[in-house]
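Me: Hi! Could you walk me through this model? I'd like to begin with the ligand.

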Amino acid sequence: MVIKALALALLCLVLACGSASERSEKEQVGQKAFEKYCVSCHGADGKKALAGASDLSLSTLSRQEADNILRQGQGNMPAFGSFLDDSTLIELVSYLQELKTHD
Ligand code: HEC
C-alpha cells in the first residue's frame, strides 16, 4: 500500500516535471529558431549586421512590422513565411523583443 502511494506520488512528480519542461521548451522555440535561421546574418545579440542586416537590438519596429518583414523578406533578407510555420514565426517575433536594448 505504501509502495503504491509512493509510486503514485513519483508518477505525479514525473508528470508535473514533464509538463513544466514542455512549457519552457515552448518559450525557447523563438530563441532556437533565431539561432538556427537568423544568427548567421544578425548575430546572437542582433548586432552582427552581415550583408547590411539591421541591428536588431536597435530595431524600432512594431511586432506587426517585424512579422511582415519575417514573412515577406526585405532587401537582402530572405522571406521566411513559406518556410517556417505560424507558431514559430510568432515565437520569433517575441524573441526579437528580447533582443531590443531599449523600449
Ligand atoms: C541572409 C541574411 C539574413 C538572414 C538569414 C536574416 N536576416 Fe533579417 N535582415 C537582413 C537584412 C540584410 C536586413 C535589412 C533589410 C533591409 O531593410 O534592406 C534585415 C532586416 C531584418 C529586420 C528589420 C529590422 C528593422 O528594424 O528594420 C528584422 C526584424 C529581421 N531582419 C529579423 C530576422 C529574423 C528574425 C531572421 C531569422 C528568421 C532573419 N532576420 C534572418 C538579413 C538577414
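Me: Which residues come nearest to the ligand?
Reply: C38, C41, S59, G75 and M77 come nearest, out of 24 residues around the ligand. Here a residue is near a molecule if its C-beta atom, placed from the backbone, lies within 6 Å of it. Please keep in mind that this is a predicted model: local features need pLDDT of at least 70, side-chain atom pairs count only at pLDDT 80 or more, and totals for chains, interfaces and linings use all residues. Residues are numbered from 1 along each chain as its sequence is written.

Me: Thanks! And by class, what does the shell around the ligand have?
Reply: The shell has 16 nonpolar residues, eight polar ones and no charged ones. Ala, Val, Leu, Ile, Met, Phe, Trp, Tyr, Cys and Pro count as nonpolar, Asp, Glu, Lys and Arg as charged, and the others, Gly among them, as polar.

Me: Which helices supply at least two residues of that shell?
Reply: α1 (2-37), α2 (39-42), α3 (63-72) and α4 (86-99) each do. Helices (H or I, at least four residues) and strands (E, at least two) are DSSP runs, numbered from the N terminus.

Me: How many helices and strands does the protein have?
Reply: Four helices and zero strands, so the pattern along the sequence reads α-α-α-α.

Me: Switching topic: what makes up the largest nonpolar core?
Reply: Nine residues do: F34, C38, L56, L70, L92, V93, Y95, L96 and L99. α4 gives the most to this core, with five residues. Such a core is a set of buried Ala, Val, Leu, Ile, Met, Phe, Trp, Tyr and Cys residues joined through C-beta atoms within 7 Å. Buried means 20 or more other C-beta atoms within 10 Å of a residue's own, exposed means 12 or fewer, and partly exposed is in between, with C-beta atoms placed from the backbone.

Me: Which residues of α4 are buried?
Reply: E91, L92, V93, Y95, L96 and L99. Across the protein, buried residues make up 13% of the 103 residues.

Me: What does L96 touch?
Reply: L56, S59 and A66, leaving out residues up to four places away in sequence. Two residues are in contact if their C-beta atoms, placed from the backbone, lie within 7 Å.

Me: And how far does α4 reach from its first C-alpha to its last?
Reply: α4 has 14 residues and reaches 20 Å, close to the 20 Å expected at 1.5 Å a residue. The expected span is 1.5 Å times one less than the number of residues.

Me: On to the loops. Where is A49, and what about its phi?
Reply: A49 is in the loop between α2 and α3, and has a positive phi of about 60 degrees although it is not a glycine. A51 is in the loop between α2 and α3 as well, with a positive phi near 55 degrees.

Me: Why does A49 count as partly exposed?
Reply: Because A49 has 13 C-beta neighbours inside 10 Å. A51 is exposed, because 10 other C-beta atoms lie within 10 Å.

Me: What does D55 touch?
Reply: D55 touches G46, K47 and A49, again not counting residues up to four places away in sequence. D55 and H42 are 13 residues apart in sequence and 7.0 Å apart in space, C-alpha to C-alpha.

Me: Last one: is S82 buried or exposed?
Reply: S82 is exposed, because 6 other C-beta atoms lie within 10 Å. S82 sits in the loop between α3 and α4, and its C-alpha atom is separated by 7.4 Å from that of R71.
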